[in-house]
Amino acid sequence: MSDEPLYSMLGFTDSEWGLLVGLPQSVLTAASAATPDSSRKTRAETAAGLDEISDARASASPLVAAVANAIMSRAGDPELGEEPPVIEPSDPIAYAEDVLGRAVEANALLVAKAERADAETYKHWLVEIAENVVGAASTGGVLGIGGETVTDTERAFRDDLAKALSD
């Protein structure tokens, strides 16, 4: 067995791997912060995003499975009852813009270095994370009745993310 790190065997440098591993959780945070919610709703959104990340450990894509495993080993596994902290950025708009910028960077990196199927699976996975987060808790309404399942700002973030990841 080689002492070479997995990310190196997949063709990435340490900093490139850091981008790919950090982006899914950043997408989760930006999608959740797109519309201010109660703590309970933010926790529900975070749980939905972490479930999507956790489930990706069984992905047929070696890249996505490796990234998901790396995230879960750092953040804590919800299936084991480990709860990573909920991150709430002080400036959600600037945070979302930063995440979208990193998504553009990751897209270029994947196009240049990853197998096409891995790149497409990774990009689709990021949008799925955003989709699950924004759909996890409705906003507005009274006692859980009424309100919007996905707000305009949440929809805009998800759509902007999909655009940032398109070739």
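1. Basis. The model is predicted, and local features need pLDDT of at least 70, side-chain atom pairs count only at pLDDT 80 or more, and totals for chains, interfaces and linings use all residues. Residues are numbered from 1 along each chain as its sequence is written, and side-chain values use heavy atoms, with hydrogens and water left out.

2. Overall fold. The protein has 7 helices and 0 strands, and along the sequence the pattern reads α-α-α-α-α-α-α. Helices (H or I, at least four residues) and strands (E, at least two) are DSSP runs, numbered from the N terminus. Of the 167 residues, 44% count as buried; buried means under 20% relative accessible area, exposed over 50%, and partly exposed in between, with a 1.4 Å probe and protein chains only. A contact is a pair of heavy atoms within 4.5 Å. Among contacts with a separation of 6 or more, 74% join residues 24 or more positions apart.

3. Nonpolar core. A nonpolar core is a set of buried Ala, Val, Leu, Ile, Met, Phe, Trp, Tyr and Cys residues joined through side-chain atoms within 4.5 Å. The largest one has 44 residues, of which Leu20, Tyr122, Trp125, Phe157 and Leu161 touch the most other members. At least two residues of this core come from each of α2 (14–33), α3 (39–55), α4, α5, α6 (116–134) and α7. In soluble globular proteins, nonpolar side chains tend to be buried together.

4. Helix α6. This helix has 19 residues and reaches 27 Å from its first C-alpha to its last, close to the 27 Å expected at 1.5 Å a residue. The expected span is 1.5 Å times one less than the number of residues. Buried residues of α6 include Asp118, Lys123, Trp125, Ile129 and Val133, and the buried residues of this helix pack against α2, α3, α4, α5 and α7. Tyr122 is also buried in α6. Leaving aside neighbours within four places in sequence, Tyr122 is in contact with Leu19, Leu20, Leu23, Pro24, Leu63, Val64, Val67 and Leu110.

5. Helix α4. The 14 residues of α4 (residues 62–75) should span 20 Å at 1.5 Å a residue, and the end C-alpha atoms are 20 Å apart, which agrees. The helix is mostly covered, with 10 of its 14 residues buried. Among them are Leu63, Val64 and Val67, and these three residues are in contact with Tyr122.

6. Largest pocket. Its volume is about 200 Å³. The search runs on a 1 Å grid over the protein atoms alone: a cavity is a set of points where a 1.4 Å probe fits but cannot get out, a pocket is an open set with protein on both sides within 12 Å along at least five of seven lines, and lining residues have an atom within 4 Å of a point. Grid points are joined across faces, edges and corners, and a volume is the space filled by probe spheres set on the points. The lining includes Ala33, Pro92, Glu97, Leu100, Thr153, Phe157 and Asp160. Helices α5 (92–113) and α7 (152–164) each supply at least two lining residues, with the largest share, 5 residues, from α5. By class the lining has 8 nonpolar, 1 polar and 2 charged residues; Ala, Val, Leu, Ile, Met, Phe, Trp, Tyr, Cys and Pro count as nonpolar, Asp, Glu, Lys and Arg as charged, and the others, Gly among them, as polar.

7. Is Leu100 buried or exposed? Leu100, in helix α5, has a relative accessible area of 17% and is therefore buried. Apart from neighbours within four places in sequence, Leu100 is in contact with Phe157, Asp160, Leu161 and Ala164. Asp160 sits in α7 and is partly exposed at 33% relative accessibility.

8. Val104 belongs to helix α5 and counts as partly exposed because its relative accessibility is 46%. Val104 and Leu161, 57 residues apart in sequence, are 8.6 Å apart in space, C-alpha to C-alpha. Ser38 lies in the loop between α2 and α3 and is partly exposed at 35%. The C-alpha atoms of Ser38 and Ala137 are separated by 9.9 Å, though the two residues are 99 apart along the chain.
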